[in-house]
Amino acid sequence: MALLAVALLGQSPFFRSISEPALDAIAPIQNFLTSATGITSGGSRSTSSNNDMLVENVRLRGQVDKLTQDAARAPELQRENDELRELLGLRRSGARWQLVEGRIVSLDSTNQVKSAVINRGTRDGVSDGMTAITSRGLAGRIVRVGANWSQVLLANDPSSSANAVDQRSRARGVVSGLRAPSGTSVMQIRLIPQGEDVKVGDRIITSGLGGVFPEGISIGLITQVRQRETDLFQEAMIEPYVDYARIETMMIILNHVPIKLDFGDG
Amino acid sequence: MFRSNSILATVDMFGLYLGIAVALGGALAQSTILWDYRFFGVHADLVLVCVLCWGIVRGFDEGATWAIIGGMAVDLGTIAPFGVSSVGFVLAVLLTAPLANRIQRHRPIFALIAIPVGVVVHYLIAGLIMALRGYPLDPIGFGITVLLPAVILNTCVAALLLPTFAWASEQFQPTTWTSQ
């Protein structure tokens, strides 16, 4: 019973005050281990004989990342541009993000949750709720911060949810992670009203609704639409742009402060 | 657990120190290097396997001590509520140690059969507590994509660790002539 109480009260300030100094101490060790072993990049398996291929591969992957991001952003920028032409005099907000780059030092120690620890914390201006992105799109959200580390809930975790929009049809929905065999990353977009136009191949981006994530961050492509006449909503499967199993670095958006709604005290 | 008898106290303290070392080392490995060696998207639960093996070899008391220490170490590296792993580990040892004790009377290697039971118990308890705290749980998806590969992988790891722990335990087995 005592242990059960511990588990149920596990997020209380008391336990946080115990675990956070411990994590402050462990973060440098994880950082060292990650550097030494080449976590997520398969660095331990690279040998001197394939260094050239590795360099070339990294360069090409960088190009693919950039082009994918450009392709995803272009229609969005076009749409924004059109809106701005219509709404003369209004300034576009959130166009420039102030970013700090963080390196993943460890992934979640259990198999149940998808999270990562990065080597940036309050010292670098990171705070609870900030958005983490990669060059390809949405990575996740900061859920816990220490002096020199932050825990990121990855966007492909089932408990993560992000308000999103179909870039073509502007249909809105909520994106969350799904468990998939073989460790592949799959996400789904739910709560799309019936009658909205959603097709395979459509790009899904964050809508900015709710104020948790900034708008316009790429999430993924629709691969399958599930629509039944009897349901109130339709849903779709998404193949995310970000390969969550192989993220090495991510960037934290410092100048987008998430809105925290508090209905508690009237 | 902590006895005043000199040699027995040394033996028990050896188990405790070994438990702390295994917990910290295993938890660090689980959150770093083991992610490079996944089986159907799942990495080995090294700390859980060590706890179960030690519980089988040394009994519930020592296994439970390892379970609490190991669970706390694992919980430092996850966003799951603090204490979930400790509860799962202790209950897993509670069932595994007596079960293995009965089975291995026939042949020691049969104790390995208890490992999948321990892994399933841990995952079910951890999943249940997380679900109580609002974490979305899809039982079928969880069973196929997480639990099944975890049971297979952890049993294979246990097949390597159980004989090692049995050997280590024999080296520090308390003997009857040590009284006073």
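Predicted model: local features only at pLDDT ≥ 70, side-chain atom pairs only at ≥ 80, totals over all residues.
Local features need pLDDT of at least 70 and side-chain atom pairs count only at pLDDT 80 or more, while totals for chains, interfaces and linings use all residues. Residues are numbered from 1 along each chain as its sequence is written, chains are lettered from A and ligands numbered from 1 in the order in which they are written, and side-chain values use heavy atoms, with hydrogens and water left out.

**View 1. Chain B contains 6 helices and 0 strands.** Helices (H or I, at least four residues) and strands (E, at least two) are DSSP runs, numbered from the N terminus. Along the sequence, chain B reads α-α-α-α-α-α. Of the 180 residues in chain B, 55% are buried, where buried means under 20% relative accessible area, exposed over 50% and partly exposed in between (1.4 Å probe, protein chains only). Among the contacts in chain B between residues at least 6 apart in sequence, 69% join residues at least 24 apart, a contact being heavy atoms within 4.5 Å.

**View 2. Helix H5 (residues 114-132) of chain B crosses helix H6 (residues 139-171) of chain B at roughly 140°.** The two axes come within 9 Å; axes are lines fitted to C-alpha atoms, for helices over the stretch in contact, and angles run from 0 to 180 degrees between N-to-C directions. H5(B) and H6(B) are therefore oblique to each other, given that angles under 35 degrees count as roughly parallel, over 145 as roughly antiparallel, 65 to 115 as roughly perpendicular and the rest as oblique. The crossing of H5(B) and H6(B) is right-handed, that is, the near helix is turned clockwise from the far one by less than a right angle. On the H5(B) side the contact includes B:Ile115, B:Val119 and B:Tyr123, and on the H6(B) side its residues include B:Phe142, B:Val146, B:Ala150 and B:Asn154. By class, the residues of this contact comprise 11 nonpolar, 2 polar and no charged, where Ala, Val, Leu, Ile, Met, Phe, Trp, Tyr, Cys and Pro count as nonpolar, Asp, Glu, Lys and Arg as charged, and the others, Gly among them, as polar.

**View 3. Helix H2 (residues 46-58) of chain B also packs against H5(B), with axes that come within 10 Å and cross at roughly 130°.** H2(B) and H5(B) are therefore oblique to each other, and their crossing is right-handed. The contact is made by B:Leu48, B:Leu52, B:Cys53 and B:Ile56 of H2(B), together with B:Ala114, B:Ile115, B:Gly118, B:Val119 and B:His122 of H5(B).

**View 4. A closed barrel of 6 strands in chain A runs S1-S2-S5-S4-S3-S12, with antiparallel pairing.** The twist averages 45° from one strand to the next. A:Ala116 stands opposite A:Val152 in S5(A).

**View 5. A:Ser218 lies in strand S10 (residues 218-226) of chain A.** A:Ser218 is buried, with a relative accessible area of 1%. Leaving aside neighbours within four places in sequence, the contacts of A:Ser218 include A:Gln69, A:Arg136, A:Ile204 and A:Tyr241. S10(A) pairs with S9(A) in the antiparallel sense over 3 bridges, and the bridge partner of A:Ile204 in S10(A) is A:Gly220.

Methods:
Pairing = 2+ DSSP bridges.
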